[in-house]
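This report goes through one structure part by part, starting with a metal site. Please keep the sequence and the model in view while reading.

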Amino acid sequence: MHEVSIATALVEQVRRHIPAGRKLIGIKIEAGPFQSIDPEAMDMAWVSVIDATELEGAKLFLTTLPYQMTCPKCARKWESADAFEKCTCGSQEAVPSGSSELRLVSMEVEDEANVEAGRY
Amino acid sequence: MQVQVVENILKLNDELAGMNRQALRKSGVFTIDLLGGPGCGKTTLVERTVEMLSSEMKIAVIVGDLTTARDAERIAKFCPQTVQVNTGKGCHLEAHHVRQAMGKIDFSGVDLLIVENVGNLVCPVGFDLGQDVKVTMFCTTEGVDKPAKYPYAVDAADVVLLNKMDLLQYVQFEIEQFRSDVKRLKPAVEIIECSALKGDAGMKRWTGWIKERMAARK
Ligand SMILES: Nc1nc2c(ncn2[C@@H]2O[C@H](COP(=O)(O)OP(=O)(O)OP(=O)(O)O)[C@@H](O)[C@H]2O)c(=O)[nH]1
Ligand SMILES: [Mg+2]
Ligand SMILES: [Zn+2]
């Protein structure tokens, strides 16, 4: 459900960063696994908030980052989508961390400045 | 053409939350963001907490729900400075909701502000409101797997409450499993087991925890 709030915040953010007169083609965002973002819900939210705006048609690419796991028994470090994954040494006590990022990474915009009337 | 940005998406919310935090601290108010699943007992906890602490300090409450003013009506019986926020379609409180609600509160002499978030273990977690501490509440009737299923709610918590301890004997709830899941996600976090309805020893620990934190900040 918080996907709608995130999409709304994204629109504001894109408008602050987009070079004047350029049309947005797509954006890349990154989310830590703690954010529990459902990719489909995120996509739907994005499409609905940009509907009938100058951003309409722009694609959203979401990368969900893995948990950074550290095993207290054998000190092994690895990445996992599951916060409770067992270590290969058998330990069930690995600690997940670094996982609540939520950021706009980059935007793809049209190369030529768009001077078409009505678009900007 | 690619434009590199790399910026927190919730930047504006975070900035507004920072302003709330500054204003609240300046007024000497300690602020709690209380979150937990629907019906875990947040409003009951607020009622009892106000009842237990109101002889020692002045308290204000902001309560968020999608709709209705029912929680505020309940809490207002114990606390005259209660403001209901209806989020409509929004599944969590954001900094601007709290900012608006703050405008309806007279903070002179207020020591403690409790913000009851919308019942939800996912969405409220990432939205800073300007609080001093985040409190995540679970309860014995929602099943023992909730910390494991909602790890962010544990990770973000300054203290974890396990409510409805009076019902523990009637439900299947392996409390050791609960404790070890919470500890694994956040080894240093304190777990307070309580019954907000009965006002048990756990509730004394909870109000004690609040007072300790308030004292530590002064
Ligand atoms: N047995 C028992 N019942 C409780 C306890 N705390 C709350 N309840 C009951 O649980 C139900 C829900 O309590 P609320 O305080 O309204 O829960 P809430 O988290 O505020 O609910 P929402 O705001 O709707 O998400 C009520 O019937 C309460 O009386 C408790 O410690 N023990
Ligand atoms: Mg409530
Ligand atoms: Zn290991």
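## The magnesium site in chain B

The model is predicted. Asp71(B) is buried, and Glu116(B) is buried as well. Both belong to the site of the magnesium ion (ligand 2), where the coordinating atoms come from Thr43(B) (OG1), Asp71(B) (OD) and Glu116(B) (OE), at 2.0 to 2.1 Å. Along the chain, these donors follow the spacing T-x27-D-x44-E. Asp71(B) sits in helix α3 (residues 70–76) of chain B and Glu116(B) in strand β5 (residues 112–116) of chain B, so the pair, 45 residues apart, links distant parts of the chain.

## The zinc site in chain A

Which residues of chain A are the protein donors of the zinc ion (ligand 3)? They are Cys71(A), Cys74(A), Cys87(A) and Cys89(A), each through its SG atom, lying 2.3 Å from the ion. In sequence, the donor residues are spaced C-x2-C-x12-C-x1-C.

The site is tetrahedral, with angles of 104 to 116° among the 4 donor atoms of the zinc ion (ligand 3). For comparison, the ideal angle for four tetrahedral donors is 109.5 degrees. Cys74(A) is in the loop between β3 and β4 of chain A, and Cys87(A) is in the loop between β4 and β5 of chain A, so this pair ties together parts that are 13 residues apart in sequence. Are these two residues buried or exposed, or in between? Cys87(A) has a relative accessible area of 5%, so it is buried, the cut-off being under 20%.

## The sheet and helices of chain A

Chain A has an open sheet of 3 strands in the order β4-β3-β5, with antiparallel pairing. Its edge strands are β4 (77–80) and β5 (95–97) of chain A, each of which pairs on one side only. From one strand to the next, the twist averages 35°. Strand β3 (residues 67–70) of chain A pairs with β5(A) in the antiparallel sense over 3 bridges. Met69(A) has Pro96(A) in β5(A) as its bridge partner.

Two helices of chain A also pack together: helix α1 (residues 2–17) and helix α2 (residues 39–50), at an angle of about 50° and with their axes 8 Å apart. The crossing in which α1(A) passes α2(A) is right-handed.

## The sheet of chain B

In chain B, an open sheet of 7 strands has the order β4-β3-β5-β2-β6-β7-β8, and the pairing is parallel. Strands β4 (82–86) and β8 of chain B are the edge strands, each pairing on one side only. The twist averages 20° from one strand to the next.

How many bridges join β6(B) to β7(B)? There are 5, and the two strands run parallel. Within this pairing, Leu162(B) in β7(B) is the bridge partner of Phe138(B).

## Loops of chain B

Most residues other than glycine have a negative phi. Thr68(B) is not a glycine, yet it has a positive phi of about 75°. Thr68(B) lies in the loop between β3 (59–65) and α3 of chain B. At 35% relative accessibility, Thr68(B) counts as partly exposed. Lys164(B), also not a glycine, has a positive phi of about 65°, and its place is the loop between β7 (159–163) and α7 (175–185) of chain B.

Pro124(B) is in the loop between β5 and β6 (133–139) of chain B, and its relative accessible area of 0% makes it buried. From Pro124(B) to Ala153(B) there are 29 residues in sequence, and 8.6 Å in space from C-alpha to C-alpha. Lys186(B) is found in the loop between α7 and β8 (190–193) of chain B, and with a relative accessible area of 22% it is partly exposed. Lys186(B) and Gln22(B) are 164 residues apart along the chain, and their C-alpha atoms are separated by 27 Å.

Note on methods
Residues are numbered from 1 along each chain as its sequence is written. Chains are lettered from A and ligands numbered from 1 in the order in which they are written. This is a predicted model: local features need pLDDT of at least 70, side-chain atom pairs count only at pLDDT 80 or more; totals for chains, interfaces and linings use all residues. Side-chain values use heavy atoms; hydrogens and water are left out. Donors are N, O and S atoms within 2.8 Å of the metal (3.2 Å for Na, K and Ca); water is not among the atoms, so sites may look incomplete. Helices (H or I, at least four residues) and strands (E, at least two) are DSSP runs, numbered from the N terminus. Buried means under 20% relative accessible area, exposed over 50%, partly exposed in between (1.4 Å probe, protein chains only). Two strands pair if DSSP finds at least two bridges between them. Axes are lines fitted to C-alpha atoms, for helices over the stretch in contact, and angles run from 0 to 180 degrees between N-to-C directions. Four donors count as tetrahedral if all angles lie between 85 and 135 degrees; four count as square planar and six as octahedral if opposite donors are over 155 degrees apart and all others between 65 and 115; anything else is irregular. A crossing is left-handed if the near helix is turned anticlockwise from the far one by less than a right angle, and right-handed if clockwise.
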